[in-house]
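Welcome, and please take a moment with the model below.

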Amino acid sequence: MAEVRVRFAPSPTGYLHVGGARTALFNWLFARRHKGRFILRIEDTDRERSRPEYEAAILRDLQWLGLNWDEGPSIGGPHGPYVQTERAPIYKEHLKKLLASRAAYPCFCSQKDLETERESANLAGLGYHYSGRCRDLSQAEVDHRKKTKQPYAIRLRVPPGVTVFHDLIRGEVKVDHAELDDYILVRTGGEPTYNFVVTVDDAVMRMSHVIRGEDHLSNTPKQILLYQALGFEPPIFAHLPLILGEDRTPLSKRHGASSVSEFKRLGYLPEALVNYLALLGWSLDGKTDLISQADLIKNFALERVHKAPASFDYNKLLWMNGQYIRKADDEFIFQRCLEYLWDMGGIDELFMRASGPPLKRMLGLVKPSLKTINEVGDQILYFLGEVHVYDPEGLAKHLVTGNLPILEDAEKILDEAFHFNAMALEERFRAAATAAGKKFADYVHPLRLAITGRTVSPNLFEVIEILGKGRCIVRLKRFAQMIRTSPSPGIPGPG
């Protein structure tokens with residue numbers, strides 16, 4: 001085909017797994033790289049497990065990742081409908097063609113018949129294959145059985161021979177038809193099977209390439225036979241490697257977050273997740289990790305996808321997310337942090353009216369240290385509310401009577417400060433430390449613990465400026481009182 005057409009076809013039986021998201025991404029990149037079309041199709045023929053809420057969630061997650069589709073649900077297209085349960089007439093039309101050409105045939109074997117065959121094969125130590133006992137029934141016999149209302153399935157008549165196809169990732173794949181059954185296209189109850197509907201859909205939607213996980217590799221020769229029986233040229237196939245956890249088993253919830261919605265909830269940026277997913281089985285040059293969307297599109301090639309399974313490294317994704325947060329626009333990160341704080345109940349309208357501008361400055365201070373958006377609540381807890389809990393190691397070191405003069409000196413400096421800004425305050429405290437014959441750090445460390453409750457924070461004097469004189473003095477007084485009333489405060493001061 002002159003035009004590249006690829007698809008992502010999720011089943012709405014659960015939330016979008018990162019494996020599915022990686023498949024969608026590779027299809028999307030391939031389409032964008034070759035100026036083609038990316039089609040979204042919902043495969044909801046599993047009626048018992050499919051749920052509309054999962055379908056809606058999958059669409060939201062794809063949009064959040066930025067994987068916009070050119071044809072599909074909500075936007076339509078020339079080959080719709082794009083939901084399988086709405087395509088029954090199309091399947092019936094192609095089934096008639098297969099039956100008319102005798103490429104398919106009715107199978108009247110009952111479940112009991114098939115179980116007997118399977119048991120016989122097992123007793124003989126053989127792998128089970130359907131015997132084909134119904135494939136050569138005469139038309140008269142078929143008509144008689146239908147007339148007497150005998151239930152039947154429809155099977156594809158697999159011819160003798162070998163199917164050979166070239167996979168863009170795995171190279172030449174050869175399958176002897178002796179390994180294949182006359183597989184079922186439509187079950188006894190009238191329900192079409194996956195291999196039937198997906199092949200018809202890909203054929204009539206004119207897919208040029210089918211890019212999917214390697215768990216579908218065994219389906220490919222069956223589908224190629226069906227393409228040929230229907231008179232369609234098969235697409236080009238590419239089967240992506242599995243994604244494994246650290247224990248080398250397929251990635252699942254037991255390893256940690258495994259769905260796109262979970263990573264979104266945990267505070268990851270879509271740009272970082274897309275960048276990381278692109279590196280699961282593909283690389284730009286073997287050493288570059290941070291790659292823009294434009295560069296991904298420009299350089300993506302299926303021939304450079306690895307055959308070996310890819311390991312999901314949560315630590316690497318966390319590091320990459322931190323890098324994306326740091327280089328992102330400040331206003332963008334501010335809005336993401338606001339959304340999180342609002343959702344968790346950390347802020348409300350009253351808080352924003354009173355402390356909106358200081359909050360924005362505070363978020364700007366902690367932005368360089370964030371690895372996920374969700375870390376912001378913990379990192380600015382001392383700004384959102386009062387400090388009543390202190391770092392235990394910090395208390396063990398700084399809850400000492402020798403720090404009382406430092407706290408009293410600090411309270412006086414803040415109270416008398418005319419220019420209450422970070423630069424001026426730092427100068428005053430440096431001078432005070434020198435005058436007291438102490439190191440500057442002797443002042444900074446106990447002050448940071450008293451004001452923030454922790455031993456690590458952004459620049460202390462910027463924090464003091466943002467918190468304001470009143471809040472900081474209250475906290476210094478509280479910490480000094482803790483020292484005075486502590487049952488056994490340490491005696492030596494710092495230095």
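## Overall dimensions

The protein chain has a radius of gyration of 33 Å, whereas a compact globule of 495 residues would have one near 23 Å. That radius is taken over C-alpha atoms, and the globule rule is 2.2 Å times the number of residues to the power 0.38. Along the principal axes, the C-alpha atoms fill a box of roughly 110 × 50 × 45 Å.

This is a predicted model, in which local features need pLDDT of at least 70, side-chain atom pairs count only at pLDDT 80 or more, and totals for chains, interfaces and linings use all residues. Residues are numbered from 1 along each chain as its sequence is written, and side-chain values use heavy atoms, with hydrogens and water left out.

## Make-up and burial

You will find 21 helices and 11 strands in the protein chain; these are DSSP runs, helices being H or I of at least four residues and strands E of at least two, numbered from the N terminus. Of its 495 residues, 49% count as buried, meaning under 20% relative accessible area with a 1.4 Å probe, protein chains only.

## A hairpin to look at

Strand 5 (residues 162-167) and strand 6 (residues 171-176) run antiparallel and pair over 6 bridges; pairing requires at least two bridges found by DSSP. A stretch of 3 residues separates the two strands of this hairpin.

In a regular strand, side chains alternate between the two faces of the sheet. On strand 5, Thr 163, Phe 165 and Asp 167 make up the covered face, while Val 162, Val 164 and His 166 make up the uncovered one. Thr 163 also stands opposite Val 175 in strand 6.

Methods
Buried < 20%, exposed > 50% of the residue type's maximum accessible area, 1.4 Å probe, protein only.
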